[in-house]
Amino acid sequence: MSHIVNVVVAGLGGQGAIKASDILADAACRAGHDVKKAEIHGMSQRGGSVTSDVRYGKKVLSPMVPHGEADFLVVLSPDQVEVQRPVLRPHGILIGPDFVDENELPNKRSLNVALLGALSHHLDIPEAIWMEAVHAALPKRLHEVNDRAFRMGREKAAATPRHHR
Amino acid sequence: MQRQLMSGDEAVAFAAVDAGVALGTGYPGTPSTEILETFAEAGGHAQWAPNEKVAFEVGLGAAFAGARVLVTMKHVGVNVAADPLFTSAYTGVSGAFVLVAADDPGMSSSQNEQDSRRYAVAAGIPMIEPSNSQEAYDFLQAALSLSERFKLPVMLRMTTRVCHSKTLMERRPPLPAAPAPHFVRDIAGRVMVPGYARPAHKRLRERLAEILKENEASPLNAEHPGDGKLGIVTNGIAYKHVLEAAPQASVLRIATIHPFPVERVRAFAKSVERCMIIEEGDPVFFEQARAAGIPVENKPEMFRFGELSVERVRRIVAGDVSPEPPPPRATPPRLCDACPYHPVYDTLRRLDCIVAGDIGCYTLGVMEPYRAMDSCVAMGASIGVGLGLRHVLPEAEARRVVSIIGDSTFVHTGVNGLIEMIYNPPATGHVLIVLDNGTTAMTGQQEHPGTGRSLDHDAAGKFSIEGFARACGVDQVDIVDPVADPKGFEELLKNRLASNDLSVVVARKPCILAAADIRGWDKQIAEKAACGGGCPT
């Protein structure tokens with residue numbers, strides 16, 4: 001099978017994990033990939049853990065990332081990092097909630113988009129497409145803060161040596 | 001048309017719009033809820049019924065009149081609708097009637113993991129099952145067309161991963177319109193007294209035999225050639241896992257779940273050295289294939305539980321029954337911090353009540369720190385279970401029994417329990433608490449008859465919980481705000497528990513997640529009424 005990029009986004013209900021995975025899936029789709037996205041969100045508004053799987057490439061079959069085969073794990077909540085770490089493949093990349101300084105964010109609620117910015121550094125999707133996907137997912141009044149959050153994450157990732165992640 | 005990323009639920013909704021479905025009805029339930037919401041947003045005529053049985057019957061009437069109809073519910077909702085479901089297979093329909101049953105293997109948000117394929121077999125209803133959003137779109141239309149051609153209700157079975165996964169799909173050109181509904185008298189076909197039901201049953205079996213013939217050659221059942229050694233028969237989302245986990249295998253995917261194309265499976269099994277059935281949930285295919293004498297292997301029993309996945313299919317193929325790694329320890333959901341139910345559960349815990357519970361957000365009262373729920377079985381079951389406990393427990397324990405139910409659940413099937421309460425009252429009386437937060441909260445804040453607003457949040461008739469209780473002749477009906485006056489709530493409850501009266505306490509306070517929306521919808525309704533409905537919006 002051709003190469004498939006596997007991403008798992010994890011957090012607690014209300015943190016925007018699903019929104020982040022929606023943006024990622026939309027960006028991959030806009031970039032011309034086959035995309036599938038799977039999540040469990042039955043009780044997500046009640047503060048329970050939420051994970052969302054995004055897979056893209058030439059042709060994706062199962063919508064769920066096989067356990068231990070995620071290339072990237074994006075985690076929004078500190079208490080979910082160790083819980084979710086086993087979904088990563090060996091040498092898979094973890095982007096945790098402390099990757100960006102929450103206090104430097106223009107709005108704390110845009111942590112999800114900031115971490116997507118960090119993820120975007122590793123993925124072969126043009127920045128313009130990312131911005132289209134971010135804007136399509138959010139109301140206009142939130143574009144500016146989220147643009148800044150996205151760039152903050154993206155620039156931090158570009159400046160961070162790989163072994164520090 | 002352009003390819004779009006859509007969930008299976010959204011795909012069904014758009015397929016219904018493009019097929020000219022005249023009416024969509026159902027009751028909210030994960031993972032089916034988004035179908036009717038999307039159908040309404042896309043311009044369809046969608047409505048929530050008080051429960052699945054009523055939804056089914058409203059849909060059936062519309063299909064008797066010749067309309068194309070979509071009815072949606074979760075798997076356990078089909079239990080509520082099962083009575084009309086079985087006999088509708090005898091009456092058939094004039095238009096097209098598709099019931100979407102959304103199963104939840106692994107129970108992400110359900111009380112059991114029953115397999116709706118059993119219903120298709122038991123009721124004699126044809127069933128089709130998609131495996132992604134494009135198929136959800138195409139198969140809904142195929143199901144409508146099958147229903148129209150054979151004049152039978154048809155089930156579209158979905159599962160959580162097909163309902164909620166987003167995959168790429170495109171809409172097709174709209175289907176030709178159905179003839180306008182009109183009434184045609186057909187007493188022998190629609191009135192199921194024994195004299196008419198006996199030939200109707202024979203008619204049903206004849207139609208199923210015809211559909212079976214079609215299913216044996218149906219293009220919906222895809223076959224993937226492999227190396228001829230291992231053959232796998234599969235369905236639904238498991239089909240996608242199988243293609244990924246066993247790329248060398250020959251694969252027969254059955255989408256026409258019922259009637260099961262057994263000769264197609266026999267021929268496939270003959271073409272390979274070894275044939276396995278890999279189906280999520282119950283061994284429905286396996287049992288039918290083995291009953292027909294086809295040499296197929298079943299998955300090991302441990303894989304009957306929960307969802308399948310690529311790694312579980314790899315294990316099934318390898319015959320690996322070693323213990324699986326535990327799934328990541330999920331953080332369980334809990335009552336929202338500002339939920340108005342906190343003081344209620346705090347009181348129930350401190351009074352050491354025996355709590356017959358029900359289904360909704362408030363089931364979370366079972367979690368720490370309250371642990372204040374002693375049973376949760378089915379929608380509306382709190383009242384009957386509470387009454388049964390009261391009837392037989394020694395008096396000191398009977399007096400501690402409370403039934404607790406949400407507003408939407410009360411309207412759904414709680415009303416029947418309340419009628420039982422006044423008809424067969426326990427010697428110690430009984431206390432029913434209705435937690436009225438003004439919405440169907442757990443499934444994502446849908447409307448219900450008690451909110452007085454329709455599915456799309458417009459003005460509608462309003463069911464009164466306290467009015468119904470009073471009309472039933474309940475001795476004491478109280479309306480309280482447990483947040484504003486927790487002490488008063490506790491005193492009232494103590495008082496009611498000590499008496500032999502039948503008591504209904506409506507604890508009323510809007511859900512904090514829905515409160516702002518509710519205010520907005522009510523404002524819109526008031527503005528519309530103020531200008532006589534003729535104002536530009």
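Strand 5 (residues 96-103) of chain B and strand 7 (residues 154-159) of chain B run parallel in this predicted model and are joined by six bridges. Strands pair if DSSP finds at least two bridges between them. Strands (E, at least two residues) and helices (H or I, at least four) are DSSP runs, numbered from the N terminus. Asp103(B) has Thr159(B) of strand 7 as its bridge partner.

Strand 5 of chain B also pairs with strand 4 (residues 68-74) of chain B. Seven bridges link these two, and they too run parallel. Here Lys74(B) is the bridge partner of Ala102(B).

Strand 5 of chain B is mostly covered, with eight of its eight residues buried. A residue counts as buried if 20 or more other C-beta atoms lie within 10 Å of its own, as exposed if 12 or fewer do, and as partly exposed in between; C-beta atoms are placed from the backbone. In a regular strand the side chains alternate between the two faces of the sheet. Ala96(B), Val98(B), Val100(B) and Ala102(B) point one way from strand 5. Phe97(B), Leu99(B), Ala101(B) and Asp103(B) point the other way. Residues of both sets are buried.

Another parallel pair in chain B consists of strand 17 (residues 476-480) and strand 18 (residues 502-508), joined by five bridges. Ile479(B) stands opposite Val506(B) in strand 18. From strand 17 the chain passes through helix 20 (residues 486-498) of chain B to strand 18, a right-handed β-α-β crossover. Right-handed means that, with the strands pointing away from the viewer, the path from the first strand over the helix to the second runs clockwise.

Chain B is divided into domain 1 (4-216), domain 2 (223-318) and domain 3 (342-530). These bounds come from an automatic or database domain assignment. The centres of domains 2 and 3 of chain B, taken over C-alpha atoms, are 46 Å apart.

Chain A has five helices and five strands. Their order along the sequence is β-α-β-β-β-α-β-α-α-α. The radius of gyration of chain A (taken over C-alpha atoms) is 14 Å, close to the 15 Å that the globule rule (2.2 Å times the number of residues to the power 0.38) gives for 165 residues, so chain A is as compact as a globular protein of that length. Of its 165 residues, 53% count as buried.

Residues are numbered from 1 along each chain as its sequence is written, and chains are lettered from A and ligands numbered from 1 in the order in which they are written. In this predicted model, local features need pLDDT of at least 70 and side-chain atom pairs count only at pLDDT 80 or more, while totals for chains, interfaces and linings use all residues.
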